[in-house]
Amino acid sequence: MQGGLKLRVFIEEHPRSAAALFLAAAALLPWLPMGGATDYVVRVATLTLLYMVLAVGLNFVPGFTGLLDLGFVGFYGVGAYTAGLLMVQYNLSFWIALPAAALHSALWGILRAAPTLRLTGDYFAIVTFGFSELVVLVIRNELWLTRGPMGIPGIEAPMLFGYALNRDWEYFYLMLALLFAVVGISRRLEDSRVGRAWFAIREDEIAAEACGIHIARHKTLAFAVSAAIGGAAGAFYAGWFHFLHPDMFKFWESILVLCLIVLGGMGSITGVMLGAAILIPLTEVLRVGLGRLVEWTEQTGLDWISPDIVNARYLIFGLLLVIMMRVRPAGLFPTVGVTFEMHPACERTRRQLDENRYAHETRENRHALD
Amino acid sequence: MRKFASAATWICLFLGLSSLVWAESDIKLPVASPFTGQLATFGEGVKNGAELKASEINAAGGINGRSIAISLEDELCDPKEATNVATRLAGDQQVSIVIGHLCSSASLAALPIYRKAKLPAISPASTNPQLGKSSPYYFRNVYKDDFQGAFLARYISEALGWKKVAIFFETNDYSMGLKSAFVEEARKQKVRIVGEEAYTSETTDFTPQLSKFRMLRPDAIFIPGYAPQGTLIISQARKLGLNVGFYGADGLDDEIMLGNPDAEGLLVTTPFLPDGAGPEASGFIEAYRKRFGKEPNWFAANTYDAVGIAARAIEKVGTDREKIREYLASMNSPERGYHGITGLTVFDENGDCLKAAFVKTIRKGQWVSAEKQIK
Amino acid sequence: MDLQYLVDSLSLFFQQFVNGLTVGGVYALIAVGYTMVYGVIELINFAHGEIYMLGAFIAYHLVTVYHVPFFAAVVLTVMLCGLFGILLDRAAYRPLRNAPRLAALITAIGASIFLQNVALIKWGAQIRSFPQTSLPSFFGKTAFQAGDVQIGWLQVFMLLVTFVLMLVLHAIINHTRTGTAMRAIAQDKRTAALMGIHVDRIISFTFAIGSSLGAVAGILVGVFYNALWPTMGYTAGVKAFAAAVLGGIGSVPGAMLGGVVLGVAEVFGAGYISSAYRDGIAYAVMILVILFKPSGILGKSTVQKV
């Protein structure tokens with residue numbers, strides 16, 4: 001508990017150093033001596049960064065404005081297909097397709113705002129879900145546009161200064177850059193007037209309106225930004241995978257990203273990234289770990305463990321999800337000081353944080369007196 | 001709070017785990033397919049077929065004295081997981097060939113990675129026509145959708161004389177590929193398509209579409225889908241009083257059809273015929289029944305042969321990836337092809353296979369070959 | 001010729017309507033479990049679909065492995081699943097009673113993944129079906145036939161069971177002390193506790209009832225479609241959740257109505273518009289309804305006081 005709090009205080013007090021440290025650590029990753037596993041680790045790490053971007057993107061709606069969005073995968077899909085089709089059909093460069101995908105997704109985010117503005121709670125959730133299901137059905141069924149379940153193969157690699165990206169670590173750095181930009185935008189917005197307005201809406205919509213906050217405009221903006229980030233992530237995905245298929249954009253993706261942000265601590269940018277850092281590599285860690293376990297049992301002759309245990313990956317994943325939520329009900333990095341989540345669990349963290357800061361400050365003061 | 005230890009810990013764990021080495025004596029043969037999740041039912045056949053062949057090879061002394069160790073790589077038919085698996089295998093120098101993937105979407109996603117790593121792969125089940133052309137490192141011992149669809153259209157016209165057909169397809173590439181090839185050939189054969197309806201893999205209730213078909217009074221309904229939905233479709237059609245013929249492609253060739261009394265008379269194409277196949281195939285069926293307590297399906301049969309092809313390649317040229325690819329590419333004539341339980345496998349210049357198709361039907365709850373076969 | 005066409009179209013219409021009612025009835029049964037739990041503790045119990053799946057599998061297991069007669073197996077399964085619901089609540093949800101709502105939602109998702117994989121490992125991935133000999137023989141017979149329209153006894157049985165269960169449920173909720181307590185908790189948990197209501201016990205009871213209904217739905221569907229498989233709960237669960245929200249989440253009659261509306265919309269969509277967009281049409285109808293009734297068909301529109 002203490003270590004976590006210290007980490008947290010450090011990140012909150014020195015956001016720049018924390019970001020620099022994170023970037024430095026990430027930048028070093030592909031160069032660690034890992035033998036044949038390098039590409040694999042870097043690929044999973046890139047996937048983790050991608051989900052960090054998605055988590056930061058989704059966070060705008062449930063995290064900042066307090067609305068449960070179950071349809072994020074729709075924007076991700078729109079972005080991916082926009083970029084993929086622009087690159088394959090019109091031979092446009094990745095660098096044009098990326099912003100185009102983000103803008104196109106943002107447009108759908110704004111369009112979705114119109115019918116959902118007055119909805120709250122689970123009614124909002126189910127409409128966003130229905131909306132994204134419709135998007136995915138269009139992707140699946142409109143063969144003339146998306147080739148449907150035949151998928152779009154052969155998407156060219158993004159070019160950078162005349163060089164086509166090829167290696168896994170190159171995509172990793174590209175993804176890192178995208179994450180950096182997205183987190184930068186997110187942080188700026190969080191600390192701006194708009195951000196305050198979002199939090200006000202999250203805490204109490206009526207009170208916020210009474211204070212002169214234009215609810216419709218602010219909610220629409222949140223949807224648009226969230227959708228644009230989802231779209232940008234989708235475009236990156238298209239460029240990285242060189243292939244798109246409707247099966248990539250199932251409802252499960254929406255759920256997964258939601259799990260990331262709730263586990264990490266909704267509303268906290270660092271938190272949702274942490275959520276991704278834990279859950280996304282988890283299935284791969286379990287894959288490798290269980291595989292090794294089976295090998296080990298074969299060598300040592302512990303035959304009561306069935307080799308089929310390698311297929312228990314998702315069983316353990318589900319169980320860990322339950323346990324993690326039980327241990328940290330407010331998320332790993334709970335947003336503090338908001339009534340939206342003002343529950344005993346949050347309250348405890350907040351008190352500890354305050355005490356910690358207080359102790360820290362008194363220590364500093366004492367030094368000053370000396 | 002140790003959970004906070006975050007990414008770094010996970011990565012360390014990765015490193016630690018992946019640094020352990022595989023027992024030197026075994027030849028590692030990864031089989032990538034969905035073993036969990038919604039499509040795990042298809043993976044079961046793949047797993048059984050691979051394990052059966054591997055244990056037979058090992059019992060016979062292995063490949064040049066080294067035994068095969070099958071490793072199951074679960075990817076849920078999820079393109080994302082498929083690429084993770086592919087990258088991991090590509091980086092593992094002990095892997096010289098991969099058996100997989102099952103779904104065409106997973107195959108297409110993983111394909112660029114295998115191409116880059118120059119790692120050959122044999123898919124026992126991906127039938128999407130695009131696959132072969134996309135990479136010289138991708139082979140498959142299953143026929144393409146376009147061949148099978150056209151074959152079926154010819155069969156019903158030439159052997160059965162049906163003239164009015166309704167198509168009930170799933171919205172996936174397998175089913176739609178079959179459908180479009182079928183429709184094209186049906187036009188040439190003057191078979192009329194009276195109706196086309198779609199369903200998704202998540203559908204359990206097919207009555208609205210079937211009720212519509214009943215109005216159209218077709219001679220038969222063509223189901224270019226998979227068995228789990230196919231068995232439901234046939235039962236529900238019978239319940240609605242739809243007494244027409246049913247036929248499908250190899251996707252319907254599965255044991256669950258035998259448990260369904262409504263499926264009596266169902267016709268399917270198949271890469272191998274249990275009663276007409278040679279001694280090798282009947283041996284396979286025997287061994288499969290004994291070991292797993294059920295009938296083999298075509299996933300099992302094709303995977304069994306794919307492992308056989310991989311083993312022969314390794315036996316002939318060793319474990320060098322490029323040499324294996326060259327060897328597989330050289331299997332381009334009947335003399336150089338592979339005689340397995342599913343007949344002769346010959347790869348063309350795209351790595352696609354040319355294989356005969358047969359038609360079988362259900363009589364008294366058993367698969368038997370249909371009376372009429374066409375070339 | 002024209003008359004024949006008219007008769008055909010009419011009979012198709014009725015057939016589709018009956019098909020829609022059957023599908024909707026199933027959604028309704030599952031949706032009721034969702035909405036009851038939601039009404040009492042405001043939790044979207046994503047694992048409810050998995051209880052539905054387990055219901056089907058447990059009954060199957062009892063019938064095929066222990067050769068329990070069908071109806072006895074149904075009763076046993078319903079009781080087991082009721083217990084199981086209580087267990088799930090105890091183990092997963094109760095510790096999070098005071099946590100943020102979404103924490104419980106994620107727990108439910110985790111539990112759902114877990115249970116699905118348990119079934120996958122226990123029973124394997126392939127589709128199973130109840131052996132025909134184990135089922136009551138009248139299930140296979142046709143009850144009514146008028147022209148082309150055909151309704152089986154099983155279909156009648158399903159609709160009947162659904163209807164009777166709904167009546168019983170209605171009686172429990174509105175005319176028993178426990179039901180009153182449930183409604184009290186739904187209104188205000190803390191005050192209910194102050195009034196001497198044993199909140200945790202009532203919540204357990206709600207889980208038991210909801211899970212039992214889910215089990216019944218699972219068995220009925222398993223028998224009706226003659227198929228059960230480990231991931232069957234996922235899609236059904238999502239649809240039922242949509243139905244519950246459509247009807248007005250927290251409202252039991254709403255869930256039934258929502259289920260039926262969704263089922264009929266889906267079947268008519270597939271039958272008359274496009275079968276490829278079947279679910280899409282159902283969801284489009286759902287979105288439209290919610291746009292006009294922002295708190296569902298029968299949901300109470302809460303007036304927010306400042």
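Let's start with helix H10 of chain B, residues 279-292: its 14 residues reach 20 Å from the first C-alpha to the last, close to the 20 Å expected at 1.5 Å a residue. That expected span is 1.5 Å times one less than the number of residues in the helix. Helices here (H or I, at least four residues) and strands (E, at least two) are DSSP runs, numbered from the N terminus. Please keep in mind that this is a predicted model, in which local features need pLDDT of at least 70 and side-chain atom pairs count only at pLDDT 80 or more, while totals for chains, interfaces and linings use all residues. Residues are numbered from 1 along each chain as its sequence is written, and chains are lettered from A and ligands numbered from 1 in the order in which they are written.

Which residues of H10(B) are buried? They are Ala281(B), Phe284(B) and Tyr288(B). A residue is buried if 20 or more other C-beta atoms lie within 10 Å of its own, exposed if 12 or fewer, and partly exposed in between, with C-beta atoms placed from the backbone. On the face of H10(B) turned away from its buried side you will find the exposed residues Pro279(B), Glu286(B), Arg289(B) and Lys290(B). Just after H10(B), Gly293(B) takes a positive phi of about 70 degrees.

The cover over the buried residues of H10(B) includes helix H2 (40-59) and helix H11 (298-317) of chain B. Helix H11 of chain B is also where Phe299(B) is found. Phe299(B) counts as buried because it has 26 C-beta neighbours inside 10 Å. Neighbours within four places in sequence aside, Phe299(B) is in contact with Phe42(B), Gly45(B), Val46(B), Gly49(B), Pro124(B) and Ala125(B). Two residues are in contact if their C-beta atoms, placed from the backbone, lie within 7 Å.

Over in chain C, helix H5 (residues 153-175) packs against helix H6 (residues 177-187) at an angle of about 75 degrees, with the axes 5 Å apart. Axes are lines fitted to C-alpha atoms, for helices over the stretch in contact, and angles run from 0 to 180 degrees between N-to-C directions. H5(C) and H6(C) are therefore roughly perpendicular to each other, a label for angles of 65 to 115 degrees. Ile172(C), Ile173(C), Asn174(C) and His175(C) in H5(C) meet Thr178(C), Gly179(C), Met182(C) and Arg183(C) in H6(C).

Chain A has 15 helices and four strands, and buried residues make up 52% of its 370 residues. How does chain A meet the other chains? Its contact with chain B takes 43 residues from chain A and 38 residues from chain B. On the chain A side of that contact, H13(A) gives the largest share, ten residues. Towards chain C, 37 residues of chain A are in contact with 38 residues of chain C. There, the largest share of the chain A side, ten residues, comes from H6(A).

Methods. Parallel < 35°, antiparallel > 145°, perpendicular 65-115°, else oblique.
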